[in-house]
Amino acid sequence: MKKKEINRHWDGHGKIRIDRRAVKEYLSLIGERELPLNLLEVTDIEDRFPIGRVNRVLNQKNIDNFE
């Protein structure tokens, strides 16, 4: 999310979800003490890491280095 809530995409609508773990840092970035809850929804966002894709990319780099 941008620092000013008014800087949304022209087609943007609805609330923006923000991970609960990021709230403190986000508030410090925008220089506010409270979230604008009319625009944001605090939620728990699951961490998902594309381990298989990362391994394929790293393996391909290793193969390229040997050629």
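How many bridges join β1 to β2, and do the two run parallel or antiparallel? I found four bridges between β1 and β2, which run parallel; strands count as paired if DSSP finds at least two bridges between them.

**Entry 1: basis.** I worked on a predicted model, in which local features need pLDDT of at least 70, side-chain atom pairs count only at pLDDT 80 or more, and totals for chains, interfaces and linings use all residues. Residues are numbered from 1 along each chain as its sequence is written, and side-chain values use heavy atoms, leaving out hydrogens and water. Helices (H or I, at least four residues) and strands (E, at least two) are DSSP runs, numbered from the N terminus.

**Entry 2: the β-α-β unit.** I noted Val42 of β2 as the bridge partner of Ile18. β1, α1 and β2 form a right-handed β-α-β unit; right-handed means that, with the strands pointing away from the viewer, the path from the first strand over the helix to the second runs clockwise.

**Entry 3: helix α1.** I looked up burial in α1 (residues 23–30) and found Val23, Tyr26, Leu27 and Ile30 buried. These residues lie on the same side of α1 because they cover an arc of only 100° around the axis, taken from the directions from the helix axis to the C-beta atoms. Buried means under 20% relative accessible area, exposed over 50%, and partly exposed in between (1.4 Å probe, protein chains only). The face turned away from the buried side carries exposed Lys24, Glu25, Ser28 and Leu29. Cover for the buried residues includes β1 (16–19) and β2 (40–43), with contact meaning heavy atoms within 4.5 Å. Just after α1, Gly31 takes a positive phi of about 70°.

**Entry 4: salt bridges.** Arg20 pairs with Asp44, the closest N and O atoms being 3.0 Å apart. Arg20 lies in the loop between β1 and α1 and Asp44 in the loop between β2 and α2 (51–66), so this pair ties together parts 24 residues apart in sequence. Asp19 and Arg21 meet at 2.9 Å, N to O. Asp19 is buried at 12% relative accessibility, whereas Arg21 is exposed at 56%. Arg21 also meets Asp47 (3.0 Å, N to O). I recorded Asp19, Arg21 and Asp47 as linked in a network of salt bridges.

Note on methods:
Salt bridge = Lys/Arg side-chain N within 4 Å of Asp/Glu carboxyl O.
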